[in-house]
Amino acid sequence: MVTNIQTTLLGRDVSFPVEESRLAYWLVMMRLIVGWWFLHAGLDKFLAWPFNASWFVGGAAAETTLGPVVTLFADGFLLTFTNIMVPLGQTLIGLGLIVGALTRLAAFFGAFLMTFFYFINGETGGWAHGVITGDLLGLLIFAMIATLGAGRVLGVDAYLAKTSFVRDHPRMRYFIG
Amino acid sequence: MTELTTMERIGLYGGGVLLLIGTVGIGLLEIALGAPHPVTGDGQVVHETLISLGVRSSIILLGLILMAAYGVTNLLSKPPADTSI
């Protein structure tokens, strides 16, 4: 089946046809691969516990654009918070994408984390061959998953969307999908 | 697609333009103005910059912040237009 996406961009009609079976296939593929990327990264840190992010938020980040914000998390309570939230966040983001639950929320936090990885890894040597890196592409894929609401294809969000809670709280649709 | 408000245009288009300037635009400029990218004997491209990475980084970051602001204001101001879910 082909659906005509009717839309405008910069005031122009840029409607275009999309073959739905291909779109559904790619949404699931992207979700599973990016989901495993993050789930693996999170589980790795838990399996090798304790995780210490001080080399990243304190050392590597100090001279980068994000340095003034990130170095606040380099010691004390905020470092402990970071040491727990990075692996926990990565694990939950990965799980959310793989099972398609709260997909847009998971993708938002995935993009949020990738922003830090992109600038800090990039400005400490990762941009040696140009500014388009795997971190930026990861960020863009998270944005695409959130935009297209990929969790509704073979995902828990397809079920969550039909619950009375979501029907009664329309803004929840920004978190699922 | 519903009509965008001025704030949405700033977030979506302004953020997108800054992201494109920081990545594609400055990249093209560096190629056009002759910033050298010699390839070493090992096949590695040596990336020498014309515009400092700090400036480029700030432009890209501002673009991403504007796009994120668009998303957050959308969330706070109205439910999504897609009522099929």
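This is a predicted model: local features need pLDDT of at least 70, side-chain atom pairs count only at pLDDT 80 or more; totals for chains, interfaces and linings use all residues.

Tutor: Residues are numbered from 1 along each chain as its sequence is written, chains are lettered from A and ligands numbered from 1 in the order in which they are written, and side-chain values use heavy atoms, with hydrogens and water left out.

Student: Which pattern does chain A follow along the sequence?
Tutor: Helices here are DSSP runs of H or I with at least four residues, strands are runs of E with at least two, and both are numbered from the N terminus. Chain A comes to eight helices and four strands, and its C-alpha trace spans about 50 × 40 × 25 Å along the principal axes. Read along the sequence, the pattern is β-β-β-β-α-α-α-α-α-α-α-α.

Student: How many helices does chain B have, and what share of its residues counts as buried?
Tutor: Chain B has two helices and zero strands. A residue is buried under 20% relative accessible area, exposed over 50% and partly exposed in between, with a 1.4 Å probe and protein chains only. In chain A, buried residues make up 41% of the 177 residues, while of the 85 residues of chain B the buried share is 26%.

Student: What area is buried between chain A and chain B?
Tutor: Taking contact as heavy atoms within 4.5 Å, 28 residues of chain A are in contact with 26 residues of chain B. Buried area is the accessible area, with a 1.4 Å probe, that two parts lose on being put together, summed over both. Carbon and sulfur atoms give 68% of the area between these chains, and the value is about 2,400 Å².

Student: Which residues of chain A lose the most area to chain B?
Tutor: The residues in question together account for 27% of what the side of chain A buries. They are A:Arg171, A:Arg173 and A:Tyr174.

Student: How many residue pairs between chain A and chain B are in polar contact?
Tutor: A salt bridge needs a side-chain nitrogen of Lys or Arg within 4 Å of a carboxyl oxygen of Asp or Glu, and across this interface the rule finds zero of them. A polar contact is a pair of N or O atoms within 3.5 Å; within protein, one must be able to donate a hydrogen and the other to accept it, and residues adjacent in sequence count only if both atoms are side-chain atoms. With both residues at pLDDT 80 or more, the count between the chains is four residue pairs.

Student: Which element gives the largest share of the side of chain A that touches chain B?
Tutor: Strand 2 (8-9), helix 5 (103-123) and helix 6 (134-148) of chain A are the elements that give two or more residues to that side. The largest share, five residues, comes from helix 5 of chain A.

Student: Which residue of chain B is in contact with A:Tyr118?
Tutor: Neighbours within four places in sequence are left aside here, and the contacts of A:Tyr118 then include A:Trp127, A:Val131 and A:Leu136. From chain B, the partner is B:Ile60.

Student: How far apart are the closest N and O atoms of B:Glu30 and B:Arg56?
Tutor: The whole structure holds two salt bridges over all chains, and one of them joins the side chains of A:Glu19 and A:Arg22 at 3.4 Å, N to O. B:Glu30 in helix 1 (residues 6-32) and B:Arg56 in helix 2 of chain B are 26 residues apart, and both are buried. In their salt bridge the closest N and O atoms are separated by 3.7 Å.

Student: Is A:Thr103 buried or exposed?
Tutor: A:Thr103 has its place in helix 5 of chain A, and a polar atom of its side chain lies 3.3 Å from the backbone oxygen of A:Gly100. Because its relative accessibility is 0%, A:Thr103 counts as buried.
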